Amino acid sequence: MPIDWLNALNPGRTMHNLRVDITGDWFRDPWGWPEYAYVLDGHLDQLEVRARATGTRRVAKIDVPKENFGIRPAVVLDPIDRMLFQGLVDMNTSKLIGKLSPWVHGWRLRREDPKSGDYSPNDIEWGLHRGQLKVAALFCDFGLKTDIVSCFASIPVDRVCEDIERGAGSGDATKRLIDMLMSYDQVPGRSGLPQRYMASAALANMYLERLSHVLEDYSLVNPPGFGSEYIDSFVTRWMDDIWAFGDDDSNLRALQIDLQAAAREAGLEVNLGKTKLLGEDDLWLDVNEIEHSGIDAAIDNDPPDTEPLEHLLDQVIDSPESTDRTTIRFAMTRMRRQHVESRLDNLVDIAHRMPHGADHLARAFRDFGVWRTHADWYIEYSDGPLNRIGWSIAALGTMFPNKPRPPRIVIDRFARFLSERSSLPMLALGAQRLSEWDPRQARDLLHDLAERADHPHERRIIGLAATAARSEKSFIRRLLSEYEENRLTLALLSERDFRKVTPAPDFGAD
């Protein structure tokens with residue numbers, strides 16, 4: 001009997017999960033992917049057509065910086081394919097990750113009454129993870145922490161597909177999901193699971209349960225003694241970030257060896273460069289850096305005490321290259337909420353040493369008005385030796401809001417993002433902002449770029465920006481009709497009579 005795709009995919013549930021997922025996208029779509037609302041509003045046939053098709057539509061490659069100037073090879077998925085990917089994974093999550101170990105945190109189903117596609121919120125999971133780390137560090141003398149080298153890119157997709165078929169069966173939905181995964185794995189230079197997608201994270205958690213078995217064995221041999229009323233296990237995993245605790249450092253080193261063996265059997269490698277055995281004060285300090293609860297407690301005082309936050313900002317400023325994105329986001333968010341301006345100049349000075357935090361810095365620089373006085377500084381940043389990291393130039397450029405218009409040198413620089421056909425994030429930023437600041441110039445550049453743009457994602461951006469630049473309807477129609485991938489965006493704009501599409505609030509920052 002043929003599958004009822006729309007009933008099986010549960011588009012409402014899928015869209016709820018996508019909205020949660022899109023919030024932290026590495027590629028920030030200036031318009032917040034308006035195609036999704038269009039599909040849900042009476043055009044679900046677009047999703048059904050993709051479900052009945054084969055393969056995947058073209059992805060766009062982007063390079064995203066991480067700590068210590070590492071680069072993540074990432075992709076931007078076609079919007080309707082992303083919806084299908086999420087829906088196919090959601091359908092069978094109770095079978096694939098419904099029985100994750102209790103000390104596995106993040107990208108899992110709700111712990112009480114788990115149902116397919118109903119995920120436990122990651123902010124709750126992060127709190128549980130941090131709490132477990134803190135309690136374990138209190139009661140144990142030693143802690144071992146490690147992770148997997150290039151985890152998502154290294155996961156062998158053929159074995160993931162075997163796991164899916166073994167867990168969910170071999171029906172039409174499983175076959176379509178496997179078909180999509182095998183297609184994504186064939187993208188040159190982008191092997192493994194597509195990074196920074198909730199659907200991929202759920203599948204990665206399923207695959208990494210191989211390592212959880214090793215941790216479970218360690219936990220059974222080394223059960224909590226003193227303090228067992230506070231914690232069930234002295235192991236915890238946040239995706240591929242693994243912690244184990246104990247009072248015998250030799251047992252923890254033995255666990256490290258066992259984890260290496262299990263990882264290699266799974267086609268993965270433990271990251272020895274990040275593996276640490278910590279004891280005494282070092283253990284507590286390391287866990288405390290993750291925990292950060294003291295900062296929120298101090299802020300909640302009346303009046304708020306911002307000294308711990310300022311101390312954290314000093315740590316970020318002292319070691320910008322190695323500070324992780326989670327800490328950067330935490331610090332910048334609290335800094336903005338509490339209007340702490342004392343470290344702004346220092347953050348400007350070290351921005352070039354922290355390209356992986358450019359998006360969070362930009363929000364602070366925007367809110368505190370740094371953009372008004374640092375146009376020349378931004379031009380110098382984008383001309384500097386690190387201008388090859390287009391993601392960071394684009395992310396930092398979002399500090400210039402839609403209104404009011406910035407100095408002319410900034411407008412001209414964003415125009416160059418278009419004329420030079422820069423990276424996708426730079427193209428998206430330049431097209432959206434220039435169409436607001438100088439519609440006539442944007443219109444000319446978008447028309448010129450359209451003659452050279454040969455990727456569906458590029459043409460989608462040009463088409464959406466052209467609505468604000470007041471381009472002719474015939475131009476937008478021709479631009480988007482050439483590629484099948486853009487038919488959804490064209491249908492959306494046609495229904496709106498090609499009126500301007502409003503930027504997403506966080507991106508536009510009016």
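Let's start at P303, which sits in the loop between α14 (293-299) and α15 (307-318). Hi everyone, and one reminder before we go on: this is a predicted model.

K403 connects to P404 through a cis peptide bond, omega near -5°. P404 belongs to the loop between α21 (390-397) and α22 (408-419). Why point these out? Most peptide bonds are trans, and most residues other than glycine have a negative phi.

You'll find W33 in the loop between α2 (11-22) and α3 (35-40). Its relative accessible area is 5%, so W33 is buried.

S150 also deserves a look: not a glycine either, and its phi is positive at about 45°. S150 falls in the loop between β4 (142-146) and α8 (151-154). With a relative accessible area of 40%, S150 is partly exposed.

Let me finish with a helix residue, T489, which is part of α27 (residues 487-495). Is T489 buried or exposed? T489 counts as buried because its relative accessibility is 2%, and the cut-off for buried is under 20%. And which residues does T489 touch, leaving aside those up to four places away in sequence? The answer is E35, R460, L464 and L480.

Thanks, everyone, and I'm happy to go back to any of these spots.

Definitions and conventions:
Residues are numbered from 1 along each chain as its sequence is written. This is a predicted model: local features need pLDDT of at least 70, side-chain atom pairs count only at pLDDT 80 or more; totals for chains, interfaces and linings use all residues. Side-chain values use heavy atoms; hydrogens and water are left out. Helices (H or I, at least four residues) and strands (E, at least two) are DSSP runs, numbered from the N terminus. Buried means under 20% relative accessible area, exposed over 50%, partly exposed in between (1.4 Å probe, protein chains only). Contact means heavy atoms within 4.5 Å.
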